[in-house]
Amino acid sequence: MPKVIGAVDINIERCKGCDLCVAACPADVLLLQPKEVNDRGYHFAYTANPDKCIGCAACALVCPDACITVYRKKID
Amino acid sequence: MSYEDIKKPENIVYQRPALLNGNHMHYCPGCSHGVVHKLIAEIVEEMGLQDKTIGIAPVGCAVFAYNYVDIDWIEAAHGRAPAVATAVKRLNPDRMVFTYQGDGDLAAIGTGETIHAANRGENIAIIFINNGIYGMTGGQMSPTTLEGMKTSTSPYGRRIDLNGYPLPITNLLVGLDGTCYVTRQSVHTAAAVRKTKAAIKQAFKNAMEGRGTSVVEVVSTCNSGWKMTPVQANDWMVEHMFKKYPIGDLKNTVNPAPAAHAKGVETHPKQ
Amino acid sequence: MDEEIRLMKGNEAIAHAAIRYGVDGYFGYPITPQSEILETLEELMPWETTGMVVLQAESELAAINMVYGGASTGKAVMTSSSSPGVSLKQEGISYIAAGELPALIINVMRGGPGLGTIQPSQADYFQATKGGGHGDYHLIVLAPSSVQEMADFVCLGFDLAFKYRTPAMILADGIVGQMMEKVRLPKQRARRTDAEIAEQCPWAVTGRPATRKPNIMTTLELESSTMEENNRRLQATYERIRSNEVRYQEYYTDDCDYLIVAFGSIARICLKAIEEARAAGIKVGLIRPITLWPFPTEAIASMAQRVKGILTVEINAGQMVEDVRLAVNGKVPVYYYGRMGGIVPNPSEVIDALYRDFPEINPER
């Protein structure tokens, strides 16, 4: 059975740490940085569990600042 | 194959649309405006309408919409966007003209322009961001503020005896013969974003085909004005706003089967 | 359509001239005493001939914002109204001025304040020449005194509006709007093509081709230094207009001892009074400002060196008299005579006013 794996790139300098992507992710891939902040002072999102990503793009769709690029590939 | 290995251009399924420029949006974290701006950029790109599109920006938080989506824009006086759009479209009938307005702009000061443009059946698309509050001026009560909802000008909650009822203006527009498509959507989940995209695309298509006025209300959050986190605001919207402003198509004379136009919509434009 | 001589009302002449000039759009709302402009346009159906858009808007607010939108796309667009309606348009006019947009606004004045009267008036002089709406701006203000000038100033107004990228106003009174006279209408000009507009108005919001950056029409600027720069640019435009576009007409000024300053229809009544005064041996002259802004300050200042006194005659409580006094700067006495409430002075009242203010010329004294 083919497996779909996904990945996301987050433009952390654009991220405002709104947490909407974290809430939207069905695979618990994303979290906000608990301590680290970007140049604008936001706790940006990061891939806490990258291996769980299924490339569904839910995070990117709800992201108001269009920070997220999503990749997906089928692996046989 | 590792996580990093699949980050190649050929595997991109979603990325920032090119028409959304590099300017940092002034919106608060989690603001619905950003999502809708992104959708407009995606749709204009996908429909190949860059050189045909003229956006009319409102007064309100989206007054600076022109700073983010690289199309031609006119910034209208408060509430007058439908009048501005009327003239732009009539004088330039082959252009795709849309307004982008909030609830203060569209449902308070601009009620007359909204109703009359829709009643004339101007071939424009109206995108209506309804978050029940004046965001730009600091969270005052708007016509669509819910009963009991606290704002800076209804600090103890909106009272019907003092302030009247929340105005479901989109429902009024359904009854006008000039409207061809009236829908109410949201952008709080990935599925909702996809539906809103399909709705705006349909509205833009209607405007180009001269079908009449299309209205896409996007029930939205203003987490700063509501004094919640973005995630809490989404939950509050689902629980309270959707009761007064239920999601779904209210009128579609162009495409009577609501499900039909949702098919074939590209949710992953780069795939 | 060729050049043509017709008999018609001033309001009708505006409608005919607009079509023949090649105006792209008219957006109006009915109000007495100017409704014939919209009525004539609807009757002539120019959308079937020149392609001109004519729309009866839901309000004056909507109409002026349609003008703002249409002008933003580089089109030649206009609106008309009368005093209370023009008050409603002021916010939009301020936006049009701030956006450096060419447009033509017509005010066929009626008596005010408030709902006032439908009879003629010139009581919107201050509103028209001092800004009217919010912010530091001016309109080019043209004051017709004949039906011919109603037609001519549509063309002149648009020419100036496009030359300087600023709104122009025809400030007519109800008399000029309603009276019928012979008028020579210009021959039909073609409306500009989209290609011509793109070339002449590179700033126009027309949809962004891949070859240029977005054109954005906005009057908002939160950066104070840029906003001040925008204001300086506007003021520089106004300075150029002041230098180049002052228009006025002189009558019997070569030898006059006294000067009347009057604009619009009342200037013609004053001219009749002057002819009667001259028949009685009193040398009175007339300056009729055609542009109320820019005001013929220098012409009046230079007359103040030669005459013994000046009288302004206006159909208001004395508005232009302030600009005349500024121009005269105390050199000679400046008086005002006028009527209000829709009453128009007749020539003998004007002569009486001359005798009142300059008793030395009164033969019965």
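In strand β1 of chain B, Ile12(B) is the bridge partner of Tyr71(A). The model is a predicted one. The pairing belongs to an antiparallel arrangement in which 2 bridges join β4(A) to β1(B), residues 12-14.

The contact as a whole draws 29 residues from chain A and 30 residues from chain B. On the side of chain A that touches chain B, at least two residues each come from β1 (3-10), α1 (20-24), α2 (58-62) and β4 (68-75). The largest share, 6 residues, is supplied by β4(A). By type, the residues on this side of chain A are 18 nonpolar, 3 polar and 8 charged.

Confidence in chain B is given by a mean pLDDT of 94, with 94% of its residues at 70 or more. Residues 260-271 of chain B stay under 50, and for them the model has 22 contacts beyond four places in sequence.

Most residues other than glycine have a negative phi, and most peptide bonds are trans. Ala57(A), however, has a positive phi near 75 degrees. Ala57(A) sits in the loop between β3 (45-47) and α2 of chain A. Because 27 other C-beta atoms lie within 10 Å, Ala57(A) is buried.

In chain C, phi is likewise positive at Asn329(C), near 50 degrees. The loop that holds Asn329(C) runs between α12 (320-328) and β15 (334-338) of chain C. Asn329(C) has 11 C-beta neighbours inside 10 Å and therefore counts as exposed.

Helix α6 of chain C covers residues 147-164. Its 18 residues, at 1.5 Å a residue, should span 26 Å, and this agrees with the 26 Å between its end C-alpha atoms. Of the 18 residues of α6(C), 13 are buried, so the rest of the structure largely encloses the helix. Arg165(C), which follows α6(C), has a positive phi near 50 degrees.

Pro113(C) is in the loop between β5 (103-109) and α5 (125-129) of chain C. Pro294(C) lies in the loop between β13 (291-293) and α11 (297-304) of chain C.

Technical notes:
Residues are numbered from 1 along each chain as its sequence is written. Chains are lettered from A and ligands numbered from 1 in the order in which they are written. This is a predicted model: local features need pLDDT of at least 70, side-chain atom pairs count only at pLDDT 80 or more; totals for chains, interfaces and linings use all residues. Two residues are in contact if their C-beta atoms, placed from the backbone, lie within 7 Å. Helices (H or I, at least four residues) and strands (E, at least two) are DSSP runs, numbered from the N terminus. Ala, Val, Leu, Ile, Met, Phe, Trp, Tyr, Cys and Pro count as nonpolar, Asp, Glu, Lys and Arg as charged, and the others, Gly among them, as polar. Two strands pair if DSSP finds at least two bridges between them. pLDDT is the predictor's confidence in each residue, from 0 to 100. The expected span of a helix is 1.5 Å times one less than its number of residues. A residue is buried if 20 or more other C-beta atoms lie within 10 Å of its own, exposed if 12 or fewer, and partly exposed in between; C-beta atoms are placed from the backbone.
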